[in-house]
Amino acid sequence: MQNNKLVLLILYGMCAIPIAVAIVMGYMSWKAISGSLRTQGTVVAFVGSSSADSNTEAPLVDYQVEGEAHRIRGDVFISFSAYSVGETVTVLYKQEHPEDGTINSFTELWFGPVAFGGAGLIAVAFVNLALSRQKKFRLRSAEIKQNPELMRLIKEINEKSESE
């Protein structure tokens, strides 16, 4: 029984990791939005992923704050582009750090938290499903063991299969 509790602790701990990552990423996105100023930027190019076997890219966006030019790269590398070169996008930035802008889009701000949170919740659902099936099996086994007629039939079936 102690071993089962350790396994459960490990399984739920593994489920908690992506949920914790989602919470941190969500907080970072919320922090990027709250108190930010907005300006317009222009997609000037795309930069590819550093992985040789991946065909993903992220946009490079130029924008200006008080006459000073800045360039940021999108944080999400995807195989299909949500932007085109020359497209105007909204950039969020903090007044004290205008060089640290963020593209104001659902994908850039919330894709990570939603993906990690969803993965963690799906993992929790699978663990709970497995536990409920295991509990149902144990209850069914206990019912059978308490029924002398069923136990006699099982014994007969086992004896027959052993003799064959």
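Is Glu66 buried or exposed? Glu66 counts as exposed, at 78% relative accessibility, where buried means under 20% relative accessible area, exposed over 50%, and partly exposed in between (1.4 Å probe, protein chains only). The structure is a predicted model, in which local features need pLDDT of at least 70 and side-chain atom pairs count only at pLDDT 80 or more, while totals for chains, interfaces and linings use all residues. Residues are numbered from 1 along each chain as its sequence is written, and side-chain values use heavy atoms, with hydrogens and water left out.

The protein chain contains three helices and five strands; helices (H or I, at least four residues) and strands (E, at least two) are DSSP runs numbered from the N terminus. Along the sequence these elements follow the pattern α-β-β-β-β-β-α-α. The radius of gyration of the protein chain is 28 Å, well over the 15 Å that the globule rule gives for 164 residues, so the chain is more spread out than a compact globule. Here the radius of gyration is taken over C-alpha atoms, and the globule rule is 2.2 Å times the number of residues to the power 0.38. Taken along the principal axes, the box filled by the C-alpha atoms is roughly 90 × 35 × 20 Å.

Of the 164 residues, 24% count as buried. Among contacts (heavy atoms within 4.5 Å) with a separation of 6 or more, 61% are accounted for by residues 24 or more positions apart.

Pockets and cavities were located on a 1 Å grid over the protein atoms alone: a cavity is a set of points where a 1.4 Å probe fits but cannot get out, a pocket is an open set with protein on both sides within 12 Å along at least five of seven lines, and lining residues have an atom within 4 Å of a point. Grid points are joined across faces, edges and corners, and a volume is the space filled by probe spheres set on the points.

The largest pocket has a volume of about 510 Å³. Its lining comprises 26 residues, of which Met28, Ala32, Asp75, Gly101 and Thr102 lie nearest the centre. Two or more lining residues come from each of α1 (2-33), β3 (68-73), β4 (88-94), β5 (97-103) and α2 (106-146), and α2 gives the most, with seven residues. By class, this lining divides into 12 nonpolar, eight polar and six charged residues; Ala, Val, Leu, Ile, Met, Phe, Trp, Tyr, Cys and Pro count as nonpolar, Asp, Glu, Lys and Arg as charged, and the others, Gly among them, as polar.

The second largest pocket holds about 240 Å³ of space. It is lined by 12 residues, with Asn4, Leu8, Leu131, Gln134 and Arg138 nearest its centre. The elements that give two or more residues to this lining are α1 and α2, and the largest share, six residues, comes from α2. Seven nonpolar, two polar and three charged residues make up the lining of the second largest pocket.

One cavity of 30 Å³ or more is present in the structure, and about 60 Å³ of space lies in the largest cavity. Its lining residues include Phe46, Glu57, Ala58, Val76, Phe80 and Glu108. At least two residues of this lining are supplied by each of β2 (57-65) and α2, and β2 gives the most, with three residues. The lining of the largest cavity has eight nonpolar, two polar and two charged residues.

Glu66 is found in the loop between β2 and β3 and has a positive phi of about 50° although it is not a glycine. Most residues other than glycine have a negative phi. Phe77 is placed in the loop between β3 and β4 and is partly exposed, with a relative accessible area of 30%. Phe77 and Ala58 are 19 residues apart in sequence, and their C-alpha atoms are 4.7 Å apart in space. Not counting residues up to four places away in sequence, Phe77 touches Val47, Gly48, Ser49, Thr56, Glu57 and Ala58. Gly117, in helix α2, counts as buried at 13% relative accessibility.
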